[in-house]
Amino acid sequence: MKLWMPLIASAVVSLSVIPALASAQERMPDTTQRKQPLKVWGAQFEELEYRYSDSDEEIGVWDADFFYGTDNFKARWLSSGEYSFEEQAYEKLENQLVGQIPISTFFDAKAGVRFDTPEGPDRTYAVLGVAGLAPQWFEIDANLYVSKDGDTSADLDAEYELLLTNYWILTATFDATAAFSEDREIGVGKGLVSTETGLRLSYDLVDRAFSPYVGVVHERKYGDTADFARADGGSTEDWFVVVGARLSF
Amino acid sequence: MMRTLVAGALSLLLPAIGLAGEYNLTVDRVTIDTGEFVKEGVGYNGTSPGPTLRFKEGEEVSINVTNNLDEMTSIHWHGLILPFEQDGVPGISFPGIKPGETFTYRFPITQSGTYWFHSHSGFQEPEGASGSIIIEPEGREPFRYDREYVVQLTDKHPHASERVMRNLKITPDYYNRKQQTVGEFFSDVSENGFLSTVKERLAWGDMRMMQADVEDLQGFTGMINGKGPEQNWTGLFEPGERIRLRFINSSAMTYFDIRIPGLKMTVVQADGNNVQPVNVDEFRIGVAETYDVIVRPKDEQAYTIFAESMGRSGYARATLAPEEGMEAPVPGLREPARLTMADMGGMPGMDHGDMGSANKMAEMPDMDHSNMEGMDHSAMMMPEGGASDPFYAKGSGLVPTAANGGKFLSYADLKAQKPLYEEREPAREIELRLTGNMERYTWSINGVKYEDAEPIRLKYGERVRFKFVNETMMTHPMHLHGMWSILDVGAGQWNPIKHTVSVQPGTTVYMETEVDAPGQWAFHCHLTYHMAAGMFRKVIVEGGPESTQAAFSEQPSEIGGDV
């Protein structure tokens with residue numbers, strides 16, 4: 001019994017001294033949050049609006065972005081849709097789940113899947129895209145899609161903000177979609193499919209979290225896509241007055 | 001038996017050590033009222049900012065810090081020279097203070113001057129967890145004053161700090177409401193012509209940089225000693241008295257330009273160390289810096305202490321008055337500064353030839369320093385008539401000027417009152433490029449964020465020369481813990497001794513450090529959200545006296561627990 005005492009004592013002493021010596025000379029690993037990648041989440045509605053067309057059509061539109069991640073990797077859920085109040089149906093309902101990584105100072109690459117589940121036939125696509133800030137402050141988002149059946153298409157979104165004042169902002173948007181193969185079932189023809197051009201005047205009412213806006217949007221279908229729309233009794237060109245808000249949480 | 005012996009030995013030692021003071025601080029949830037909004041925050045002893053701790057040089061202090069929060073906390077004694085385990089940086093000096101726990105800091109006070117303390121855990125500091133420290137010197141001070149006040153500046157933001165960080169990460173210009181507008185475009189056109197304005201806008205647009213990127217975090221209320229501009233903190237005086245104002249910038253993100261219209265200020269101390277007195281009309285205080293000035297109001301009237309933010313988006317205001325309730329006019333905010341191409345001088349890939357001799361002053365290590373002393377500042381004026389300061393890029397848009405056209409303090413004016421160390425050649429130079437990406441709101445050193453960085457290793461006993469190269473368009477107040485930062489202003493052994501060194505965009509600044517403190521230390525940009533985004537390093541000092549380790553094991557409580 002007595003023999004053990006000095007042993008235990010010396011063990012205790014050396015145990016308590018070793019870490020002290022070690023941390024004086026070497027590094028105690030920093031395990032605090034500071035040493036971890038900063039995790040960020042966001043929920044934004046770039047567009048959340050009511051549209052009224054020149055042919056008295058009323059639709060609700062959103063374009064939303066929810067994400068979580070670090071500088072090196074973000075998981076994103078991108079959702080956009082158009083709901084016709086008259087027909088009580090989704091003319092467009094698109095959801096993308098993508099992973100995003102930085103590829104240059106100002107640009108990110110995205111890859112994932114896109115599910116289209118509007119009224120009518122559904123589609124699933126693989127997505128590959130780039131998004132970022134081009135010179136002269138143009139926000140660019142370009143994507144390539146391949147459907148399960150092998151149909152390929154691409155879209156390009158560009159946005160520019162003009163600061164009338166530091167609170168009144170005029171935002172110009174241009175979206176174009178092109179298809180490299182026809183998908184008659186969903187009314188998509190080969191070539192340039194459609195463009196949407198918008199001009200919105202917003203006011204930052206609550207920080208940049210709530211910015212109501214009014215604007216005009218012009219939609220147009222082209223080529224075979226326009227022919228398909230006509231054949232189906234739809235319009236090929238629409239003008240909308242829009243009222244909505246940009247939200248950011 | 002052992003314990004009694006140790007206690008006995010300690011009590012015998014105590015008189016030899018001299019004074020021993022015990023202080024108590026509680027870390028509490030507090031309510032902060034800025035006069036413009038009310039916010040929950042963190043404070044000490046129930047208030048934010050916390051109390052002023054008054055120490056005496058030579059004293060052995062014990063500070064009991066009780067954590068009443070439901071999260072970990074810590075206190076860092078900013079600018080104090082002490083054993084590294086007492087420095088209060090979780091993960092580097094100690095594990096931190098758990099909720100409900102009382103941690104006792106023990107260290108000798110080996111210096112004097114104005115300092116401050118703040119939490120180094122999470123975002124507690126911008127939430128209000130800071131306070132001031134006054135250390136009375138053992139000897140006589142080389143200046144006289146009849147009265148003194150701490151003037152502690154903060155930039156209180158209505159948003160919680162976690163949310164500020166998130167907003168900046170998602171939208172880096174979230175809080176910037178001083179951006180260039182269509183209106184400014186037209187006024188620039190009428191001033192500089194259409195073509196040159198368009199050219200300038202295109203040049204900036206090409207870089208995807210904003211000339212208005214001076215203040216990341218706007219929308220704050222500037223506070224002095226816990227009072228907003230409307231609440232008007234007031235310090236009383238008798239006309240003719242010399243008042244020592246101990247300015248501390250404990251802001252999260254904001255540099256302030258400080259003036260007291262009607263009064264000359266004599267700067268006598270910077271970062272706690274006496275400097276040769278400089279008379280100024282205005283000075284810029286970087287985040288985490290301190291400046292002690294002496295003013296002598298002769299008239300029976302009120303004077304406004306006006307602290308305008310560098311980006312002119314906000315201000316703090318206080319009053320010096322012979323009687324409570326007296327007020328002096330509060331000046332308006334000046335036009336916000338705009339960065340120039342010179343401020344981009346450090347950007348990689350920029351054509352330096354175009355920049356002229358941008359910042360040659362600071363870039364030439366072998367320059368004849370003796371020339372600096374009598375430097376004629378007027379000779380350095382830009383041809384365009386802009387102001388100049390060797391610590392700003394030549395032609396920088398950030399160079400401050402005094403509101404009354406008088407003297408604005410420059411780092412170049414700071415000369416140590418008494419050299420702290422013998423002048424000697426540094427053993428080596430360590431280059432630290434201050435880097436970042438404003439669009440992603442990532443901030444780093446040498447392009448590497450703290451999460452991916454190896455520590456900087458220094459050797460005990462060496463003198464190192466740090467070369468800061470600011471490659472970003474923002475100003476970074478770099479703070480090295482535990483050891484002095486001897487700022488190279490070209491004054492040789494009279495170079496000022498600081499703890500925080502501001503590095504302006506597009507400039508190169510040198511500082512030297514006598515590596516005389518073993519252990520491991522933090523080294524970082526003191527802008528809260530730059531630090532949190534990665535502009536941070538751990539410094540390991542290898543080697544050093546045995547005594548530190550002995551002192552270390554004497555206090556097992558510091559290292560115990562979950563290391």
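Two residues are in contact when they have heavy atoms within 4.5 Å of each other. Keep that in mind for the exercises below. This is a predicted model, in which local features need pLDDT of at least 70 and side-chain atom pairs count only at pLDDT 80 or more, while totals for chains, interfaces and linings use all residues. Residues are numbered from 1 along each chain as its sequence is written, chains are lettered from A and ligands numbered from 1 in the order in which they are written, and side-chain values use heavy atoms, with hydrogens and water left out.

**Exercise 1. Work out the layout of chain A: how many helices and strands does it have?**

Step 1. Count the elements, taking helices (H or I, at least four residues) and strands (E, at least two) as DSSP runs numbered from the N terminus. You get two helices and twelve strands in chain A.

Step 2. Along the sequence, chain A reads α-β-β-β-β-β-β-β-β-β-β-β-α-β.

Step 3. Check the cover. Of the 249 residues in chain A, 44% are buried (buried means under 20% relative accessible area, exposed over 50%, partly exposed in between, with a 1.4 Å probe and protein chains only).

**Exercise 2. Describe how chain A meets chain B.**

Step 1. Start with the contacts: 46 residues of chain A touch 60 residues of chain B.

Step 2. Now the area. The two chains bury about 4,400 Å² between them, with 53% of it on carbon and sulfur atoms; this buried area is the accessible area (1.4 Å probe) that two parts lose on being put together, summed over both. On the chain A side, A:Met28, A:Arg34 and A:Arg208 lose the most area to chain B, together 17% of what that side buries.

Step 3. Look for charges. A salt bridge puts a side-chain nitrogen of Lys or Arg within 4 Å of a carboxyl oxygen of Asp or Glu, and the rule finds five across this interface. One of them pairs A:Asp108 with B:Arg440 at 2.8 Å, N to O.

Step 4. Ask who supplies the surface.

**Exercise 3. Is A:Arg76 buried or exposed, and what surrounds it?**

Step 1. Find A:Arg76 in strand 3 (residues 74–84) of chain A.

Step 2. Read its accessibility: at a relative accessible area of 14%, A:Arg76 is buried.

Step 3. Find its partners. Beyond neighbours within four places in sequence, the contacts of A:Arg76 include A:Asp65, A:Phe66 and A:Leu97. With A:Gln100 there is a side-chain polar contact of 2.7 Å (a pair of N or O atoms within 3.5 Å; within protein, one must be able to donate a hydrogen and the other to accept it, and residues adjacent in sequence count only if both atoms are side-chain atoms).
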